[in-house]
Amino acid sequence: MYLNVHEMPHVWYVDDDSESLQAAGYGLMDEAEVMTFQSPSAALAALKLNTPVEVIISDLQMPGMNGLEFLQKVAEINPDIVAILVTDLSGKTRIQTLPPR
């Protein structure tokens, strides 16, 4: 995963909360090419189509498939993607990066 010095990284943000997606997209837009997904299954479908991505940020608590399960599937498809897991428990945001494989 090597980027041209003038190329912005491709960052995906996956969260079932639309307000979080909107805030993340706005907050990162000057630093990265951002795509947002409201479900892990939609992001996995895009990943299988080889849509460019270097970093995936995922919420932990989502219906259907939690963020940890999702990022484990991502690592099976492409272990070079940097994975960041975030959650908001009791009003305190927690961030955990997953070690590379």
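Two strands pair if DSSP finds at least two bridges between them, and the close-up views below apply this to a predicted model.

**View 1. Strand β1 pairs with strand β3 in the parallel sense.**

View 2. Together with helix α1, which covers residues 18-28, the strands β1 and β2 make a right-handed β-α-β unit.

**View 3. One aromatic pair is present in the structure.** The ring centres of Trp12 and Phe37 lie 4.8 Å apart and the ring planes meet at 55°, so the pair is described as tilted. Trp12 belongs to strand β1 (residues 10-14) and Phe37 to strand β2 (residues 33-37), so that the pair links distant parts of the chain, 25 residues apart. Trp12 counts as buried because its relative accessibility is 1%, and Phe37, at 8% relative accessibility, counts as buried too, the cut-off for buried being under 20%.

**View 4. Strand β3 (residues 55-59) is largely enclosed by the rest of the structure, because five of its five residues are buried.** In a regular strand the side chains alternate between the two faces of the sheet. Both faces of β3 are covered, with Val55, Ile57 and Asp59 buried on one side, and Ile56 and Ser58 buried on the other.

Technical notes:
Residues numbered from 1 in each chain as written. Predicted model: local features only at pLDDT ≥ 70, side-chain atom pairs only at ≥ 80, totals over all residues. Heavy atoms only, no water. Phe/Tyr/Trp six-rings, centres within 6.5 Å; stacked < 30°, edge-to-face > 60°. Helix = DSSP H or I, 4+ residues; strand = E, 2+ residues; numbered from the N terminus. Buried < 20%, exposed > 50% of the residue type's maximum accessible area, 1.4 Å probe, protein only. Right-handed = clockwise from strand over helix to strand, strands pointing away.
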